Amino acid sequence: MTLPRRKFLTSISMLAASTAFPIHVLDFGRTEKLKVALIGTGIRGITFWGKRLVDEYSDILEFVGLSDSNSSRLQYGKNYIGAACPTFDNFETMVSTTRPDLIIVTTVDATHHEFIIKGLEMGCDVLTEKPMTTDEVKCQAILEAEKKSNKNLIVGFNYRWSPYATKIKELLLNDTIGKLTSVDFHWYLNTYHGASYFRRWHGEMEKGGSLWVHKATHHFDLLNWWIDSEPSEVFAYGDLEFYGKNGPFRGKNCRDCEHTANCDFHWDILKDNTAKKLYVDHEHEDGYIRDNCLFREEIDIYDKMSAQVKYANNTTLNYSLTTYSPFEGWRVAFNGTEGRIEAWLDIPYNDNSKLSQEELHALEMDQAKSDTMNIEPIIVHKIWKDFETVTVVAEKRGHGGGDRRLQNHIFKTPEKVDEFDRTAGIRDGAMSCLIGIAARRSIEKERPIKISELSDLKPKIKRS
Ligand SMILES: NC(=O)c1ccc[n+]([C@@H]2O[C@H](COP(=O)([O-])OP(=O)(O)OC[C@H]3O[C@@H](n4cnc5c(N)ncnc54)[C@H](O)[C@@H]3O)[C@@H](O)[C@H]2O)c1
């Protein structure tokens, strides 16, 4: 399939449809490929936004430049991706030399704004990984940069695209439970996945904005989309009670720690070929240690988080995030004036899966094509009636199948109008990270925080 480059440019604008800008369509030749440049050749950059694009979409796009602050990892990343393009240690030089149509940002969260803003200023559309950014000042700067630019920003929210999340959206769109009034949402990270955030930069507030932002931005985006309104006020509690300084001992890093025999979290990165080649082999350059001790004193993020969010349409949300659960899964329940929807994934007691938590975590991260399909239930219980079970064919790999659907929409079916409104633009990116930023501030200030205190965005009663 060869699609003209102009269709991609149109699609990027459509994906960012929540911005105030009209769709721009540039008049390029019908056979020219979309020129893509990527900054951040870490795991997400080289796999999902790197090798996968080369493997799946080489007929319609080409990498024109790759950049990373670690030149050694950058060379490894280029080979891994299999891109025949130059590499750059300077982002602006890459953009001015290669003139990409689309810049993909997959760096550390707290740096996203730099490349989003510069990319827009230099005349490129930008696709950033979540979270859009990590604090309100950077958020406002991104909003202003996009307003001044005639280009667009899209945020790679993949969770919306999983069939299970989409089915919930469909039920809500069809007013299955009448007017939505309140939501309970609880996410449990297990001691593989949850712990992994505490081993590296995510454990430092200034790099990832805490899991309120780095992780929960996914959840808040889903909730904003499902509830179809924007958050207006947040009140939160949170603490660090398990990882970091709470550990019984600590070492320099995991691979040669003297406590190996006593530590349930021991992970020998030297036996993990992917992690060794991507991180250990390049740590001499920038000191980025992938297998830090998750009990190190410098960890300053929360490991338990709980919030109440009020939406502009008066829906209330009870939210929690746990990072040391024995299993990985989530539950959501929607209360409406005509009934209730309950949904969950990967709760072992409700499931007949025999996979271990380690295997489940590996599958979640895997981008391989083949997958085992599971039939997953959603309960619809109308007031005064017996409950019904709606079933969904769900996938495990690539974030529940969301990853590949998101990319297929961007690159393969750009003109298709999405009936579920799964595309996320700058306003969605902002609203989801602002809930986490407000939660952090609420904990610090011990009071509810209005979303309108944080940027010039005024929450809308209806999101779409
Ligand atoms: N949507 C999802 O499900 C999903 C999954 C994983 C990661 N992510 C996101 O992808 C991004 C990357 O995550 P990762 O796990 O690949 O991290 P990583 O640590 O593996 O990679 C980050 C890369 O960015 C580079 N970098 C850091 N600061 C830089 C700077 N100032 N200039 C240039 N390069 C810089 C690092 O050297 C590293 O190579 C994060 O924002 C993360 O939130 C999203």
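Guide: The side chain of arginine 200 has an N or O atom 3.3 Å from an oxygen atom of the ligand, a polar contact in the sense of a pair of N or O atoms within 3.5 Å (within protein, one must be able to donate a hydrogen and the other to accept it, and residues adjacent in sequence count only if both atoms are side-chain atoms). For arginine 73, the distance from a side-chain N or O atom to a ligand oxygen is 2.8 Å. For aspartate 109, it is 2.5 Å. Taken alone, the ligand exposes 850 Å², and the protein buries 90% of that; these accessible areas come from the Shrake-Rupley method with a 1.4 Å probe, and for residues only the protein chains shown count as cover.

This is a predicted model, in which local features need pLDDT of at least 70 and side-chain atom pairs count only at pLDDT 80 or more, while totals for chains, interfaces and linings use all residues. Residues are numbered from 1 along each chain as its sequence is written, and side-chain values use heavy atoms, with hydrogens and water left out.

The shell around the ligand holds 27 residues, the closest being Asp68, Arg73, Asp109, Tyr279 and Tyr288; a residue is near a molecule or strand if one of its heavy atoms lies within 4 Å of it. By class, the shell has eight nonpolar, twelve polar and seven charged residues (Ala, Val, Leu, Ile, Met, Phe, Trp, Tyr, Cys and Pro count as nonpolar, Asp, Glu, Lys and Arg as charged, and the others, Gly among them, as polar). Helix H2 (43–57) and helix H5 (112–121) each supply at least two of the shell residues. Helices (H or I, at least four residues) and strands (E, at least two) are DSSP runs, numbered from the N terminus.

Alanine 37 stands opposite glycine 65 in E2. The β-α-β crossover from E1 through H2 to E2 is right-handed: with the strands pointing away from the viewer, the path from the first strand over the helix to the second runs clockwise. E1 also pairs in the parallel sense with strand E4 (residues 102–105), over four bridges; in E4, valine 105 is the bridge partner of isoleucine 39. Five of the six residues of E1 are buried, so E1 is largely enclosed by the rest of the structure; buried means under 20% relative accessible area, exposed over 50%, and partly exposed in between (1.4 Å probe, protein chains only).

Helix H7 (residues 163–173) has eight of its eleven residues buried, so it too is largely enclosed by the rest of the structure. Among the buried residues of H7 are Pro163, Tyr164, Ile168 and Leu172. Just after H7, aspartate 175 takes a positive phi of about 55 degrees.

An open sheet of nine strands has mixed pairing and the order E14-E13-E12-E11-E7-E10-E9-E8-E15. Strand E14 (388–394) and strand E15 (449–450) stand at its edges with a single partner strand each, so one side of each is left without a neighbour in the sheet. Strand E7 (residues 180–190) runs antiparallel to strand E11 (residues 329–336), joined by eight bridges. Phenylalanine 185 stands opposite valine 332 in E11. Six of the eight residues of E11 are buried. E11 and E12 form a hairpin with two residues between them.

Definitions and conventions
Pairing = 2+ DSSP bridges.
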